[in-house]
Amino acid sequence: MSDTATEEHPRERVQLHNAVIRFAGDSGDGMQLTGDRFTAQSALAGNDLATLPDFPAEIRAPAGTLAGVSSFQLHFSDQDIHTPGDAPDVLVAMNPAALMKHLEALKPGGTVILNTDAFTERNLQKAGYEDDPRYDGSLTDFQVHEVPVTDLTLRALEGHVERGELNKKGAERCKNMLALGLVSWMFSRRIDETETWLQSKFAAKPELADANVTALRAGWNYGETTEAFVFHYEVKAAPLLAGRYRNITGNQAVAYGLIAASVRAELPLFYGSYPITPASDILHELAKQKNFGVQTFQAEDEIAAIGSVIGAAFGGSLAVTASSGPGIALKTEAMGLAVATELPLLVVNVMRGGPSTGLPTKTEQSDLNQVLYGRNGEAPLPVVAAASPSDCFDVTLEAARIALTYRIPVVVLSDGYLANSAEPWLLPAVDDLPRLSEAFEVTTEPNADGAFQPYKRDEQTLARPWALPGTPGLEHRIGGLEKELDSGHISYDPANHHAMTELRHERVRRIADGLPPLEVEDPSGEAEVLVVGWGSTSGPIRAACAQLRERGLQVARVHLRHLSPLPNDLDELLRSYRTVVCPENNMGQLSTILRARTLVDIKGYHRVTGQPFASDELAAAIEDFGWGEQA
Amino acid sequence: MTTNEGKLTKKDFTSDREVRWCPGCGDYAILATVQSLLPEMGARPESTVFVSGIGCSSRFPYYMDTYGIHSIHGRAPALATGLAISRPDLDVWVVTGDGDGLSIGGNHLMHALRRNVNLKILLFNNEIYGLTKGQYSPTSPLGSTHKSTPLGSLDRPINPVSLALGVEATYVARSIDTDRQHLSEVLRRAYQHRGSAFVEIYQNCNIFNDGAFAALKDKDRKDHNQIRLESGEPITFGPDNERAVVAEPDGSMSIVPTEEAGDRVVIHDPAREEPTTAFALSRLALNPVGPTPIGIFRDVDRPVYDDLVREQVEQSRAQQGDGDLQALLASGNVWDVG
């Protein structure tokens with residue numbers, strides 16, 4: 001927490017520029033929901049914010065264990081921010097396991113709020129504590145608030161239990177709302193919006209709504225009346241661009257981007273997918289929006305999902321599938337078919353830790369090589385990647401533009417961090433979104449002296465015609481066997497195969513001719529060190545560069561949205577710096593590609609912890625490569 | 001299904017591509033039957049799509065002057081499902097084989113059938129892998145010897161009709177490549193059926209598995225072995241109807257001399273809601289080496305999957321109104337700055 005006013009009158013508000021708070025508890029404790037509500041309250045207070053949910057792959061790991069700890073981190077600020085924050089200022093630990101797992105991350109001098117009711121001998125043991133950390137000195141560096149959260153909740157809801165509106169267990173379950181109320185008081189957050197939200201969430205069970213609201217208010221009042229809390233804090237509104245905002249997660253933004261692409265392309269949206277973490281929420285969101293004409297198909301497996309999408313694309317839909325690495329692996333053969341049949345469709349890969357099942361709920365950028373090269377034969381296709389949760393919306397629209405213009409399958413890369421994290425989003429005006437209907441035409445007439453040749457191309461884009469079943473005179477057959485130039489008949493001719501292979505590469509390469517110039521961030525204009533990144537590392541890289549500049553180190557930054565084809569002006573740019581650093585949440589996939597392409601000695605920084613980069617960590621790495629021992 | 005005003009002929013459904021199956025292959029007969037039948041039933045080339053996977057049978061779309069996709073191994077039902085859901089105006093056919101449809105693509109076949117997607121699925125069963133030159137397939141008889149199983153196949157075969165009935169396919173039939181009249185009738189009914197129609201066609205591979213269906217095709221044997229199913233008729237067969245299919249107390253069926261059958265003889269009713277009787281009938285022959293039922297096992301009406309998908313879209317529109325993108329983007333909590 002960086003504060004401007006320090007020794008104020010007790011129980012007065014201390015103004016902060018920003019704060020990082022982490023809620024941690026058992027996966028059944030409702031920490032994700034608590035974090036979501038605190039995020040919504042902070043957004044309404046006008047803060048810029050970024051979130052980082054982190055939960056176990058197990059739906060309900062054994063209660064009280066380290067494996068079962070679920071957490072939600074929120075960074076909120078009165079300034080423009082780009083990351084969910086490195087070390088939390090405040091840790092809310094609902095049990096010993098949560099404390100054990102997260103105390104290490106807390107800033108020195110940070111605040112810990114403990115649910116003392118959960119600090120039983122058994123829970124301490126399950127968390128791996130030999131001694132109670134409250135009494136063995138391990139918390140001396142922190143400001144500790146011991147709050148009997150469970151007991152306070154039960155007492156607040158005594159009447160509800162007596163009236164038989166809920167049992168003791170049900171009452172206990174409201175303890176996350178008591179914690180939320182207390183933290184809301186600490187940070188001067190209004191809770192009325194959460195009250196309204198609870199009323200509507202539990203509309204069918206008014207007694208549950210009332211119990212939760214009571215617990216929420218009890219938490220707030222506890223903060224207000226207890227002398228234990230000397231300060232409370234306020235983070236004022238951030239100077240965001242004028243306009244209307246909402247919070248959005250990456251998965252929501254992909255879903256909205258798909259609907260927007262369907263509306264702007266004037267094509268029906270067909271979405272075929274198989275449930276997989278962390279991509280399933282896209283299916284859930286789209287399944288709610290059928291009044292946009294969206295058809296959702298939960299297929300029997302990943303292969304059927306993309307199969308259905310190829311069928312729908314042949315029929316003239318804007319057809320989309322999404323998955324994560326293991327599912328993309330299964331879709332590989334069909335993606336090759338989409339390359340060969342030259343149909344426009346989107347494949348979204350919400351990356352998670354690998355290999356194999358890997359880390360289903362954690363983030364990683366390790367599927368870049370998979371989507372670029374993971375097909376048999378020469379099967380190039382365009383790849384775009386999102387930089388932030390809200391950028392998932394724009395990137396999805398861009399992918400649809402490329403797919404429709406060039407009649408090609410396009411991969412959209414997101415990741416577990418973007419998928420579940422939220423940030424404020426300045427709502428675009430629909431009329432300002434790209435008019436995708438102008439990017440393509442559906443073919444209705446023969447194109448070769450009264451005949452129809454399905455592989456006769458547009459000279460500029462090299463796109464083949466999109467002739468839909470139902471159109472008389474354009475009957476044609478497509479498939480995975482090599483096609484003859486123009487006619488599209490099966491061909492085993494050697495020269496034809498070479499020509500078709502070159503053509504498939506050239507069609508992808510030409511996409512780069514239509515891309516805007518790269519935007520380089522270099523406020524001084526004198527940087528000799530360039531940081532190049534892609535995907536969700538954008539925020540941490542941006543924050544790290546800002547830190548370095550504050551320390552007088554001039555560093556430039558460029559973010560790559562298009563990974564295939566790479567922008568035409570990239571080579572020249574990379575060659576013009578003394579040092580180029582490429583941080584990635586993988587073992588150096590993009591940096592290897594860039595080195596091969598440009599012969600520039602790119603310095604890669606690689607970490608795969610399942611978590612996004614911390615900006616401090618990145619700043620140190622960049623400094624080391626740019627000015628330190630590795631320079 | 002498409003209705004047709006103009007008069008079309010077989011020629012309108014025949015592409016200019018040279019047919020490249022081996023001379024004598026059963027596929028030729030099936031192709032000719034389908035090409036003749038479609039115009040007769042009023043189908044339109046532009047509204048017809050053939051989707052196939054990989055294998056000899058899967059070359060079928062190239063020879064039809066309709067729309068078509070020759071896809072990847074086993075996945076044709078998945079592609080066809082996406083097309084059928086998104087394009088209710090089309091007639092979507094799937095052409096597959098015993099390897100494509102029952103081995104690598106068994107999962108997709110099963111799910112298309114249990115959903116009752118509006119697809120006409122033709123499974124050419126030759127009990128062999130032809131395109132890869134003669135390995136045993138999931139329908140090859142137990143103990144049969146082929147390149148990959150010189151000491152005899154250890155795999156118990158799938159009975160495709162039993163499989164289809166097991167997942168409650170709404171139309172299930174079996175016919176024979178060269179029995180043009182029977183095949184035409186079975187396909188005609190398949191075309192008229194709303195929902196998934198599954199037709200197993202015994203198709204002779206004269207190169208790698210010649211004579212697999214001789215029991216049903218040889219002049220002097222077929223009358224003894226073809227159990228021709230006719231709706232509403234007692235199931236009897238043989239040159240003089242001397243044998244009959246009867247129901248056993250345990251639910252299975254067996255074959256007895258007609259004079260011993262009495263009122264135990266099974267009266268065929270493909271419209272019976274319960275698939276159990278049809279299933280028992282399909283168990284009379286694991287492989288068609290003896291008496292084997294052919295014809296329509298099951299033909300029942302059930303809501304069609306792709307119709308239901310579209311109905312949900314229409315219901316959502318009726319209840320919530322047409323989607324408003326600007327309103328969607330601004331849904332939930334919004335706040336204004338400046």
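Colleague: Which residue of chain A does R115(B) form a salt bridge with, and how far apart are the closest N and O atoms?

Modeller: R115(B) pairs with E300(A), with the closest N and O atoms 2.9 Å apart. A salt bridge here is a side-chain nitrogen of Lys or Arg within 4 Å of a carboxyl oxygen of Asp or Glu, and chains B and A share three of them. Keep in mind that this is a predicted model, where local features need pLDDT of at least 70 and side-chain atom pairs pLDDT 80 or more, while totals for chains, interfaces and linings use all residues. Residues count from 1 along each chain as written, chains are lettered from A and ligands numbered from 1 in written order, and side-chain values use heavy atoms, without hydrogens or water.

Now zoom out. In all, 57 residues of chain B are in contact with 71 of chain A, contact meaning heavy atoms within 4.5 Å. On chain B's side, the elements giving two or more residues include α4 (106-115), α11 (305-320) and β2 (67-70); helices (H or I, at least four residues) and strands (E, at least two) are DSSP runs numbered from the N terminus. The largest share, eight residues, comes from α11(B).

As for β2(B), three bridges join it in parallel to strand β17 (residues 477-479) of chain A; strands pair if DSSP finds at least two bridges. There, R477(A) stands opposite G68(B).

Finally, the buried area is about 5300 Å², with 61% from carbon and sulfur atoms. That's the accessible area (1.4 Å probe) the two parts lose on being put together, summed over both. Y67(B), L329(B) and W335(B) supply 16% of what chain B buries against chain A, more than any other three residues.
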